[in-house]
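Student: Please take a close look at one part of this structure for me. I would like to hear about the pockets and what lines them.

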Amino acid sequence: MEFMPGKVALVTGAASGLGRGCAIKLAKKGVNVVIADVNVEAAEKVASEIKVLGGSAFVVEMDVTSEESVEAGIRRCVEVYGSIDILVSNAGIQIVHPIEEFPFEEWKKMMAIHADGAFLTSRAAYRYMKESGKGGKIIFMGSAHSHVGSKLKSPYCFAKHGLLGLCRVLAKEGAEYGIHTYVVCPGFVKTPLVEKQIPEQSEALGISEEEVIKNVMLKDTVDGIFTTVEDIANAVYYLTEDSGAMTGQSIVLSHGWHMN
């Protein structure tokens, strides 16, 4: 495996969607990338894409709900590349139901992936960043739903709001060690996660899929346009270069759906 001189990033949920886009963007900028995902086969394809582009990447199988799996994956990153300078805590899923019908098991699954996953991955990366004396960047993948609520998404909004608090605490605790933290908050992006929601919300709300897109997903944007994977990847890379002036902050990329 070729090791490129420079920074090392681990991206969770990097086998597809926003995680894949962020991993490829970072690799194009000369960052060594660890593709962390439960779907190893898909993750290997992303790593291969990066290598074709001349970048350096390898895969770790990681279940972000498992303390053992997270610790092992972060440890492997440091063993192979010598450090972890950037964590992009991105892994996530979506399940939608009206609150009165939300199964508790599905609520707990959402909490485990979004909330526990953010805690476990950031804690593990933070320890290495602190010990190294070099600091680092921890970037949580939030959502416009870190700031607003939407029907059918009680656990998602609950967890995404919580990322703001976790980010702010880590910004204060990590400052003396040069560890800076951020939340990137996309609006709707046409990833597999969002594509899956369109028919689900259509059924739950009793409206057409076209109406879901126009009158639910993009209704409150200023221009009726989806945010893109490239928009989010660019924001993530921008934060990896931040001096620390923006630590503890969230960046919203939602075409005006939510304005800080």
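Tutor: Helix 6 gives the most to the lining of the largest pocket, with five residues. Helices (H or I, at least four residues) and strands (E, at least two) are DSSP runs, numbered from the N terminus. This is a predicted model: local features need pLDDT of at least 70, side-chain atom pairs count only at pLDDT 80 or more, and totals for chains, interfaces and linings use all residues. Residues are numbered from 1 along each chain as its sequence is written, and side-chain values use heavy atoms, without hydrogens and water.

The largest pocket holds about 780 Å³ of space. A pocket is an open set of points on a 1 Å grid over the protein atoms alone, where a 1.4 Å probe fits, with protein on both sides within 12 Å along at least five of seven lines; lining residues have an atom within 4 Å of a point. Its volume is the space filled by probe spheres set on the points, which are joined across faces, edges and corners. In the largest pocket, 40 residues form the lining, and Asn90, Ala91, Gly92, Ile93 and Leu193 lie nearest the centre.

Now the second largest pocket. About 180 Å³ of space lies there. Its lining includes Gly149, Phe188, Gln201 and Trp257.

Gln201 sits in helix 6 (residues 192–205). Beyond four places in sequence, Gln201 touches (heavy atoms within 4.5 Å) Leu152, Lys153, Gly206, Val212, Val216 and Met217. Val216 also lines the second largest pocket.
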